[in-house]
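Look over the structure first, then read on.

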Amino acid sequence: MSFVPLNRVPNKGMAQFQEMMRQQLESSMHTELEKLLNTVTGAEKEVSKADFEGFKNLFHRFLQVKGPSVEWVKIKRPPEDSIQPYDKIAARGLPDNVADSLNKLVVVKLNGGLGTSMGCKGPKSLISVRNENTFLDLTVQQIEHLNKTYNTDVPLVLMNSFNTDEDTKKILQKYTHHRVKIHTFNQSRYPRINKESLLPVATSLTMNGQNAEGWYPPGHGDIYASFYNSGLLNQLIAQGKEYIFVSNIDNLGATVDLNILHHLVSQPNGKRCEFVMEVTDKTRADVKGGTLIQYEGKLRLLEIAQVPKAHVDEFKSVSKFKIFNTNNLWISLAAIKRLQEQKAMDMEIIVNPKTLDGGQNVIQLETAVGAAIKCFDNALGINVPRSRFLPVKTTSDLLLVMSNLYSLEAGCLTMSPKREFPTTPHVKLGSSFTKVQEYLTRFESIPDMLELDHLTVSGDVTFGKNVSLKGTVIIIANHGDRIDIPAGSMLENKIVSGNLRILDH
């Protein structure tokens, strides 16, 4: 394909020229996708064909985008009644027939991610987080407890990706005798595109060798199309299900909340809320989290990637944007069906640049599940307690949830009543702790952290049994040094440096 230098194109013809280039790119993309489809046959070809329809639509929209997706001057704070305090929702109390509400609910967990950032192979949901229980174990225990307590039939649906599907399905056999029906469906598989040519880097649909790097799951915004295309959405509607509760499987605070569910199912038909986003108050640790805004008369999710560079500091400020999206979402099944069939689901495109192992620069086009909030009727934000946002993204988070700060009951983690203040300590473990296996070898037992405010650990550090940490504790082993915190030590407001001097903080 030959390109004409832009400086030789007359101004009045620029728009026509750009449109011609877009059409050329789209035509080339369609040709390449057709070639890829012809590398397989049968069922795999049909699945990929459906995936590619979604990708073509995303690619078409990507080529149309001109400038930023939001104009900063149009951003307004959401009206008071569009974000309700959780206490106001809970104050209404629960009805006698909680079971009726629960029988209208489906729990969906986003299960497409791998454990690679924590040094683990396979799906992240299969990492042990507490008493040998994995994220998936805890999820099954929570829902089974609900079903037994209220004599209900709340199913669990896992949205897998091609990275996690096989391993997850193998493990699901262990839950056969649990009182929870488990369904799975797969996220789409989209082609990564060369940053320069904007064409797929994969040469066939197979996942062998270098080709495996040519594919990606396109973000959790893909849930609407892939759930609908799987046939599972229609199947659940036919069973009388009305709402899904969607959350990341690594957010241990995302349990079924009966007050929010009751609020949804008790609305009069004409005013049914089709989408609830749980938000929570922002702290300095959450400055990058997406927030809710009012934009052109609609409630809308604003992500940091959409913010013009000149306004990033303003976006991060805790004073202007006070809340952030936990990605715990309650969504009407009938509304998803309607929007999919009307092709009215509109989510901003996230352009995610990556560099492949061979050094090739690619981009992947993604969408976020919460970005669809503007498409649903009577959407609402609910400002929930921080306890509903307990993600485990790093071993620092893992240390918190493995410690005595939390107690575990029926798959739910709750802050220990013995902790005097409800805030979670700030924990920052250094690079020697990044991988789960390494991290586990550095603790003979998990320290007592009930009175901890802040912990920073850097360098080659190990902890003996029954160590107690209180207040602010900073442990820094210099390069080449090693610090072993002796068994039974109690460190309160201490700085421990490379030569094992223990100083008051």
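## Domain contact

In this predicted model, 15 residues of domain 1 are in contact with 15 residues of domain 2. Contact means heavy atoms within 4.5 Å. Domain 1 covers 72–388 and domain 2 covers 395–497; these bounds come from an automatic or database domain assignment. Their centres, taken over C-alpha atoms, are 30 Å apart.

Residues are numbered from 1 along each chain as its sequence is written, and side-chain values use heavy atoms, with hydrogens and water left out. Local features need pLDDT of at least 70 and side-chain atom pairs count only at pLDDT 80 or more, while totals for chains, interfaces and linings use all residues.

## Buried area

About 1,200 Å² is buried between domain 1 and domain 2. Carbon and sulfur atoms give 66% of that area. Buried area is the accessible area (1.4 Å probe) that two parts lose on being put together, summed over both.

On the domain 1 side, Met 118, Arg 130 and Leu 252 lose the most area to domain 2. Together they make up 45% of what that side buries.

## Bridges and elements

β4 (128–130) and α5 (135–150) each supply at least two residues of the domain 1 side that touches domain 2. The largest share, four residues, comes from α5. Helices (H or I, at least four residues) and strands (E, at least two) are DSSP runs, numbered from the N terminus.
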